[in-house]
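Please have the sequence and the coordinates open while reading.

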Amino acid sequence: MDPLSSILSPRVYHKLIPNVVEYENWTTVYGDHFEVSADVRASLQKRGHVLQGIAGGTICQFIVQDLETSRGNKLVRKLVGVSDPRKGGLPAGY
């Protein structure tokens, strides 16, 4: 996945005790909705998992170094940063 797709993907949480799989199902105050798809939930239930939707989840910042970009015969290093839209999509500091 590219950095933005990775951040935008809904998240699943499992702590083992209790034996419940929690999954994101919420809309942020900014209007972004995060929810694990119905087919993924059905697949987990078919495997015997107990599911529980939660309103909220983790928030992260993501920076990746891209070494694959090249210009001519030079390797160009670039940093790609993504801020989680779950917190408004802006960094809190730098």
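Which residue forms a salt bridge with Glu35? The partner is Arg41, and the closest N and O atoms of the pair are 3.2 Å apart.

## Basis of the description

The structure is a predicted model, in which local features need pLDDT of at least 70 and side-chain atom pairs count only at pLDDT 80 or more, whereas totals for chains, interfaces and linings use all residues. Residues are numbered from 1 along each chain as its sequence is written, and side-chain values use heavy atoms, with hydrogens and water left out.

## Salt bridges

Side chains of opposite charge can pair when their charged atoms come close. A salt bridge is taken here as a side-chain nitrogen of Lys or Arg within 4 Å of a carboxyl oxygen of Asp or Glu, and by this rule the count comes to four salt bridges.

## The network around Asp84

Arg11, Glu24, Asp84 and Arg86 are linked in a network of salt bridges. Helices (H or I, at least four residues) and strands (E, at least two) are DSSP runs, numbered from the N terminus.

Asp84 also meets Arg86 in a salt bridge, at 3.0 Å from N to O. Asp84 is buried, with a relative accessible area of 0%, and Arg86 is buried at 4%, while Arg11 is buried at 14%.

## Ile59 and its contacts

Ile59 lies in the loop between β4 (51-54) and β5 (61-66), and at 45% relative accessibility Ile59 counts as partly exposed. Leaving aside residues up to four places away in sequence, Ile59 touches Arg11, Asp84, Arg86 and Lys87, where contact means heavy atoms within 4.5 Å. Ile59 and His49 are ten residues apart in sequence, and their C-alpha atoms are 25 Å apart in space.

Technical notes. Buried means under 20% relative accessible area, exposed over 50%, partly exposed in between (1.4 Å probe, protein chains only).
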